[in-house]
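Here are my notes on this model, as numbered points. Please keep the structure open beside you and find each residue as you read.

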Amino acid sequence: MSVQLGIPQPREGGTPVPGAQPLPAARPADAPEGLADRYGRRATDMRLSLTDKCNLRCTYCMPAEGLEWLAKQAVMSAAEIIRIVGIGVDLLGVRELRLTGGEPLVRADLIDIIAALRQAHPELPISMTTNGVGLDKKAAALKAAGLTRINVSLDSLHEETFTKLTRRPFLDRVLAGVDAAWAAGLGPVKINAVLMRGINDAESPSLLAWALERGYELRFIEQMPLDADHGWTRRDMITASEIRELLSAEYVLSPDPRERDGAPAERFEVRRRVAGSVEAAGPVLGTVGIIASVTEPFCSDCRRTRITAEGKIMSCLFSREEIDLLGLLREGAGDQQLAERWQDAMWIKPKAHGMDHVGLDAPDFVQPDRSMSAIGG
Ligand code: SAM
Ligand code: SF4
């Protein structure tokens, strides 16, 4: 029986996956400090996956039957996470940390991990991306442990649509989680929504109205080819320009004057549309973000470095190379040696993911083996 895997089989150090480009030249001795790459970028924003497990089955991420989960011993322990984050922050210039998964809330030692990270790095902004299931019970403890702020993923406010998209009837629990996060002081609360054609795209203006009323910052994310089912098609995905069009039926969007500063989301100020005219649109109600990774990519200003739940370094969501950091750590490597491996891994970060100008069938874009849940989005 073939098992569906969200996670490729373990690979040695920098061994390329089949079909990948050969590894580029090694990092030169005079390479810049920190997590620099060959194209002049420097990663300062770390995304760390706490687990590959999840209690939802979003159609754009996981198959209905789930994935084969990693064995417990393959996943980074709390102590290993603390050490890896410490190397990133203390030796390599990491300036912000986002905890993700899988679903970070399913990890039993989550609060302890955050408390230890906070103790080690009092000033570090630590955020978390979650599906919100169970957040109502943990929001206050997360805040007390030192979490700075939170992103909750929510694609629909309609029970039926939510259940269709996530394959679980948990809308009420997610809404309770969002409220609890706000009440606990985990703001600004950001809401991540992926639009799917014919399923929740028409709901985009009402999702925005809901977020604006409550002071949440909604961000629409273009669906990327990172679903375990490999069902993504360019024709079906809702593009950033379509999102702007959908919202413009009720709202007028104008570019947010604040610096984007490497943020994946392009932010817009939102005014209500009155009689179809920008001038008559009234006061700014809030902002909305659009993360157009596919059609308007921001690779040239990317500042992200990713660590998967089993301690592999991924320089890009679409990277075909994974470099094992945890294995080296478990062999007894020192911090400096681990830092150098991380630098080597980031040095070969691709210039761009390539899916904006070529089809999925084109030779220079191959959908990664990992699903979003197995990378850590
Ligand atoms: N389980 C948590 C959650 O859903 O928020 C954290 C992990 S999830 C992989 C992180 C983010 O990735 C979510 O906001 C989710 O909507 C987004 N995501 C997952 N699959 C995606 C895809 N194929 N394209 C775009 N975004 C995706
Ligand atoms: Fe789970 Fe998040 Fe993937 Fe949905 S997007 S299946 S909540 S990991």
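1. Start with one residue pair. Thr129 stands opposite Asn151, and Asn151 belongs to β6. This is a predicted model, so read every value below as computed from a prediction.

2. Now widen the view to the two strands. β5 covers residues 126–130. β6 takes in residues 149–153. The two run parallel, and four bridges join them.

3. Turn to ligand 1. Around it are 19 residues. Tyr60, Gly102, Ser153, Asn192 and Met224 come nearest. By class, the shell has seven nonpolar, ten polar and two charged residues.

4. Look at the contacts of ligand 1 next. Ser153 places a polar side-chain atom 2.5 Å from an oxygen atom of the ligand. Asn192 also has a polar side-chain atom facing an oxygen atom of ligand 1, at 3.1 Å. Met224 uses its backbone instead: an N or O atom there lies 2.8 Å from a nitrogen atom of ligand 1. How much of ligand 1 does the protein cover? On its own, the ligand has 550 Å² of accessible area, and the protein covers 96% of that. Two elements give two or more residues to this shell: β5 and β7 (190–194).

5. Ligand 2 has its own set of residues. They are Cys54, Leu56, Cys58, Cys61, Met62, Gly102, Asn131 and Ser373. By class, five are nonpolar, three are polar and none is charged. Find Gly102 in both places: it is listed around ligand 2, and it is among the residues that come nearest to ligand 1.

6. Next, the largest pocket. Its volume is about 570 Å³. The lining has 26 residues. Nearest the centre of the pocket lie Asp45, Glu96, Arg98, Lys190 and Ala263. Which class do you expect to dominate the lining? Count them: six residues are nonpolar, four are polar and 16 are charged.

7. Which strands build that lining? β3 (45–49), β4 (96–100), β5 and β8 (217–221) each supply at least two residues. The largest share comes from β4, with three residues.

8. Finally, check two backbone details. Most residues other than glycine have a negative phi, and most peptide bonds are trans. Gly187 and Pro188 are joined by a cis peptide bond, with omega about -5°. Pro188 lies in the loop between α5 (171–184) and β7. Arg167 has a positive phi, near 60°, and is not a glycine. Arg167 sits in the loop between α4 (159–166) and α5. Please look at both spots in the model.

Key: Residues numbered from 1 in each chain as written. Chains lettered and ligands numbered in written order. Predicted model: local features only at pLDDT ≥ 70, side-chain atom pairs only at ≥ 80, totals over all residues. Heavy atoms only, no water. Near = heavy atom within 4 Å. Nonpolar A, V, L, I, M, F, W, Y, C, P; charged D, E, K, R; others polar. 1 Å grid on protein atoms, 1.4 Å probe; cavity = no way out; pocket = protein on both sides within 12 Å on 5 of 7 lines; lining within 4 Å. Points joined across faces, edges and corners; volume = space filled by probe spheres on them. Polar contact = N/O pair within 3.5 Å; in protein donor to acceptor, adjacent residues only side chain to side chain. Areas by Shrake-Rupley, 256 points an atom, 1.4 Å probe, with all protein chains shown as cover. Pairing = 2+ DSSP bridges.
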